[in-house]
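The sequence and the model are shown first.

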Amino acid sequence: MSRWVSFLADQRGAAALEVPAIWLFLMLIILLPLADIAVAGFQFISARQALRNFGQSILYAPPPDVTNASAWSSTATAKADSRYPIPSIQLICGDSNAVCTSANSGADQPKYYVYSTTVTLTPIVTRTWLCNSTNTNPCSFTLSYSERFQ
C-alpha cells in the first residue's frame with residue numbers, strides 16, 4: 001500500500017500532460033481571436049487617421065470653383081495615403097447635403113468635403129464575427145468622412 005500512496009503523492013507527470021491542453025485552449029480560444037480584434041482595430045484607426053490627414057492636407061488648398069472641381073479633385077486625391085486610397089471627393093454646399101451648384105454655392109452657405117476609403121480585414125479565427133459587411137467582399141468596410149472647409 002505504501003507504493004500506491006507514493007504514486008498518488010507524486011503527480012509531476014499530470015502537470016506535464018495538462019500544460020499542452022491549457023496552452024492550446026489559451027491560443028485558440030483566447031489569444032488568436034483577441035489578436036484578430038486588435039489587428040482590425042488598428043486597421044480601422046489607421047484608416048480613420050488617414051482620412052483625417054487627407055482632410056487636413058486639402059483643407060489648406062480648397063478648390064477655386066466649387067461647382068466645377070474635377071481638375072482640383074484629381075490633384076487632391078493624389079495626396080491620399082496609398083494604403084487607404086480615396087477614389088473621389090464630393091463637394092457639398094448648404095445644409096441640405098446637396099452637391100454644389102451655382103444655385104447653392106453662395107458665400108453664406110457652408111461647404112463640406114465628403115470622401116471615403118475602404119478597409120479590408122484579414123482575420124485568422126474570427127472571420128464569422130468580423131466579416132459581416134454588405135460589400136461584395138464581406139471583410140471589406142467603407143469608412144466615410146466629411147469636413148467643413150468654408
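## Disulfides

Cys131 and Cys139 are both buried. In this predicted model, the two residues are joined by a disulfide, with 1.8 Å between their sulfur atoms. The torsion about their S-S bond is about 95°, so this disulfide is right-handed.

A search of the whole structure finds 2 disulfides. Cys93 and Cys100 form a disulfide with an S to S distance of 1.8 Å. Here the torsion about the S-S bond is about 90°, so the disulfide of Cys93 and Cys100 is right-handed. Both Cys93 and Cys100 are buried. Counting bonded cysteines along the chain, the disulfides follow the pattern 1-2, 3-4.

What is the order of the strands in the open sheet? The 4 strands are arranged as 2-1-3-4, and their pairing is antiparallel. Strand 2 (98-99) and strand 4 are at the edges; each has a single partner strand, so one side of each has no neighbour in the sheet.

Strand 1, residues 89-93, pairs with strand 3 in the antiparallel sense over 5 bridges. Within this pairing, Gln90 has Val114 of strand 3 as its bridge partner, and Ile92 stands opposite Tyr112 in strand 3. Strand 3 is also joined to strand 4 by 9 bridges, and these two strands run antiparallel. One of the residues involved is Ser116, whose bridge partner in strand 4 is Ser144.

## The two faces of strand 3

Strand 3 spans residues 111-120 and has a covered and an uncovered face. Lys111, Tyr113, Tyr115, Thr117 and Val119 make up the covered face. The uncovered face consists of Tyr112, Val114, Ser116, Thr118 and Thr120.

Val114, the partner of Gln90, is on the uncovered face. Tyr112, which Ile92 stands opposite, is on the uncovered face too. Ser116, the partner of Ser144, also belongs to the uncovered face.

## Glu147

Glu147 lies in strand 4, which covers residues 140-148. Is Glu147 buried or exposed? Glu147 is buried, yet has no salt bridge. The nearest side chain of opposite charge is that of Arg52, at 6.7 Å. A salt bridge requires a side-chain nitrogen of Lys or Arg within 4 Å of a carboxyl oxygen of Asp or Glu.

The side chain of Glu147 does make a polar contact of 3.3 Å with the side chain of Gln56. Apart from its neighbours within four places in sequence, Glu147 is in contact with Gly55, Gln56 and Leu59, among others. Its contacts also include Lys111, Tyr112, Tyr113 and Tyr115. Of these residues, Lys111, Tyr113 and Tyr115 are on the covered face of strand 3, whereas Tyr112 is on the uncovered face.

## The salt bridge

How many salt bridges does a search of the whole structure find? The search finds 1 salt bridge. The side chains of Arg83 and Asp81 form a salt bridge, with an N to O distance of 3.1 Å. Side chains of opposite charge can pair when their charged atoms come close.

Arg83 has a relative accessible area of 58% and is exposed. Asp81, at 27% relative accessibility, counts as partly exposed. Glu147, by contrast, is buried and without a salt bridge.

Note on methods: Residues are numbered from 1 along each chain as its sequence is written. This is a predicted model: local features need pLDDT of at least 70, side-chain atom pairs count only at pLDDT 80 or more; totals for chains, interfaces and linings use all residues. Side-chain values use heavy atoms; hydrogens and water are left out. A disulfide is a pair of cysteine sulfur atoms within 2.5 Å. Buried means under 20% relative accessible area, exposed over 50%, partly exposed in between (1.4 Å probe, protein chains only). Lys and Arg count as positive and Asp and Glu as negative; His and the chain ends are not counted. A polar contact is a pair of N or O atoms within 3.5 Å; within protein, one must be able to donate a hydrogen and the other to accept it, and residues adjacent in sequence count only if both atoms are side-chain atoms. Contact means heavy atoms within 4.5 Å. Two strands pair if DSSP finds at least two bridges between them.
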